[in-house]
Amino acid sequence: MNKEKVSKFSSVLSQLRKERGISQKKAATDLGISQALLSHYEKGIRECGLDFVIRCSEYYGVTSDYLLGMSDSRTGVSINLDDENNHSLGTLANATKQLLDVASTVSSAEDANKFLYDYYLLSLYRGALTLAKAGALPKELFKIDYTIARDLASAAIAVQDAKFVLIEDRSRTGTDGTQHTAIKELIDRAEQQILESFILG
């Protein structure tokens, strides 16, 4: 490995361990090496072999390419935010931007922005809990028992809804629904999913 790749590998290796909240000693034991050697790998003092890279990728649940800094995707799944297919994250990204733009136009913009931040934070946290339950994220990332944290997150979202109402009529905000195509698309898809999951299904 060249120096740049060693540096990237060492920083990613250290970051993954810290994300899990585990000590160097535990990680070294689990990976079958000494703590001193792991410390050298994390500091970029020594280079490791391919077998260790593979062990680390399995241990941390990421691809070897991600460990070596050759890919930004931990799983190898490529996400294209510009793709407009039915399950496009681009729609979510555009709708999020439009919601933030709408929030900044209401009379109490600071409250609106805080509401959206808290709401998205809790929603993404709930999504992370679902991934942990499915085994895609390590349970050690969560301080609250992930088996009950989802219900708590749902309750916290309900409290957010009760504390702040973001909806204003067009005459007060001066907005027109035709300006928010990504939001409309998001609403249409969410309502279709609700209908298919709970009513039509």
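This is a predicted model: local features need pLDDT of at least 70, side-chain atom pairs count only at pLDDT 80 or more; totals for chains, interfaces and linings use all residues.
Which residues make a nonpolar surface patch of about 270 Å²? They are I144, I148 and L152.

The protein chain has a mean pLDDT of 76, and 71% of its residues reach 70 or more. Among its elements, helix α2, residues 24-31, has the highest mean pLDDT, 94. Helix α9, residues 170-173, has the lowest, 42. Over residues 166-175 the pLDDT is below 50, and this stretch makes 13 contacts in the model beyond near neighbours in sequence.

Now the inside. The largest nonpolar core has 22 residues. Those with the most contacts inside this core are F9, L13, F52, Y60 and L67. Two or more residues come from each of α1, α2, α3, α4 and α5. Helix α4 gives the largest share, five residues.

Take L13 as an example. Leaving out residues up to four places away in sequence, L13 touches L38, Y41, E42, F52, C56, Y60 and L67. There is also a second, separate core of six residues, including L129, A132, Y146 and A149.

Next, L68, which sits in the loop between α5 and α6. Is L68 buried or exposed? L68 counts as buried because its relative accessibility is 17%, and the cut-off for buried is under 20%. The C-alpha atoms of L68 and S10 are separated by 8.6 Å, although these residues are 58 apart along the chain.

L152 belongs to helix α8, residues 146-163. Its relative accessible area is 47%, so L152 is partly exposed. Patch residues need over 30%, and L152 is one of the three residues named for this patch, with I144 and I148.

Key: Residues are numbered from 1 along each chain as its sequence is written. Side-chain values use heavy atoms; hydrogens and water are left out. Patches are made of residues with over 30% relative accessible area and no salt bridge: like charges are joined within 9 Å, nonpolar side chains (Val, Leu, Ile, Met, Phe, Trp, Tyr) within 5 Å. Accessible areas come from the Shrake-Rupley method with a 1.4 Å probe; for residues, only the protein chains shown count as cover. A salt bridge is a side-chain nitrogen of Lys or Arg within 4 Å of a carboxyl oxygen of Asp or Glu. Helices (H or I, at least four residues) and strands (E, at least two) are DSSP runs, numbered from the N terminus. Buried means under 20% relative accessible area, exposed over 50%, partly exposed in between (1.4 Å probe, protein chains only). pLDDT is the predictor's confidence in each residue, from 0 to 100. Contact means heavy atoms within 4.5 Å. A nonpolar core is a set of buried Ala, Val, Leu, Ile, Met, Phe, Trp, Tyr and Cys residues joined through side-chain atoms within 4.5 Å.
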